[in-house]
Amino acid sequence: MADLLTSETKSKTNWYAFYCLPRAEKKVKDRLEALGKEAYLPLHRAPRAWSDRVKMVDIPLFPSYIFIRCREGELHPLLREVHGVIRIVYHCGRPAVIRPQEIDAIRRFLELAVERPLCEGEEVEILAGSFRHISGKIRKIKKKYLILYIEPLGSLVSIDLTKVARLNRLK
């Protein structure tokens, strides 16, 4: 009976997690899909500031992790084949199986997060300019800019929408 259960679980596809090299998640996803495997890399948009500009970029929700749907027996060959994969995530001595409901919950969370706009009263951080890394509360939202109240200064400032981010954003 135990042999039957083992062979049945090995032939069934489940979601598993790989731990990847830092900042290699997108390449690993492409490599897995090129091998015909179903891979999921949850991404969210976040502003990134450089000295001369602020840009919205897609970054992994879980840095260095990627989800893959396959049979348990395929994990170790993929670990050796796919450049950028460091290890398989284990739980209790076996590859950790992620339930489909958990993957669906991540997808729903990301859909809701994208639809949620900034609103008045919310606290944001300034990402560029002379007030960089200072936070303030939104007083008014216009088409391309917003009015922030900066408490330490006791004043209102106008700032471009693309140069702010939620203070409690995902990192």
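Start by selecting Glu 125, which sits in strand S9 (strands are DSSP runs of E, at least two residues, numbered from the N terminus). You are looking at a predicted model, where local features need pLDDT of at least 70 and side-chain atom pairs count only at pLDDT 80 or more, while totals for chains, interfaces and linings use all residues. Residues are numbered from 1 along each chain as its sequence is written, and side-chain values use heavy atoms, leaving out hydrogens and water.

Is Glu 125 buried or exposed? With a relative accessible area of 14%, Glu 125 is buried (under 20%, 1.4 Å probe, protein chains only). Now show His 133: its side chain makes a polar contact with the side chain of Glu 125 at 3.1 Å (a pair of N or O atoms within 3.5 Å, one able to donate a hydrogen and the other to accept it; residues adjacent in sequence count only if both atoms are side-chain atoms).

Next, colour strand S9 (residues 123-126) and strand S10 (residues 135-141), which run antiparallel and are joined by 3 bridges (strands pair if DSSP finds at least two bridges between them). Here Val 124 stands opposite Gly 136 in S10.

Then widen the selection to the open sheet of 5 strands, with antiparallel pairing and the order S12-S11-S10-S9-S13. Its edge strands are S12 (155-160) and S13 (164-166), each pairing on one side only. From one strand to the next, the twist averages 45° (between N-to-C directions of lines fitted to C-alpha atoms, on a scale from 0 to 180 degrees).

Conventions
Helices (H or I, at least four residues) and strands (E, at least two) are DSSP runs, numbered from the N terminus. Buried means under 20% relative accessible area, exposed over 50%, partly exposed in between (1.4 Å probe, protein chains only).
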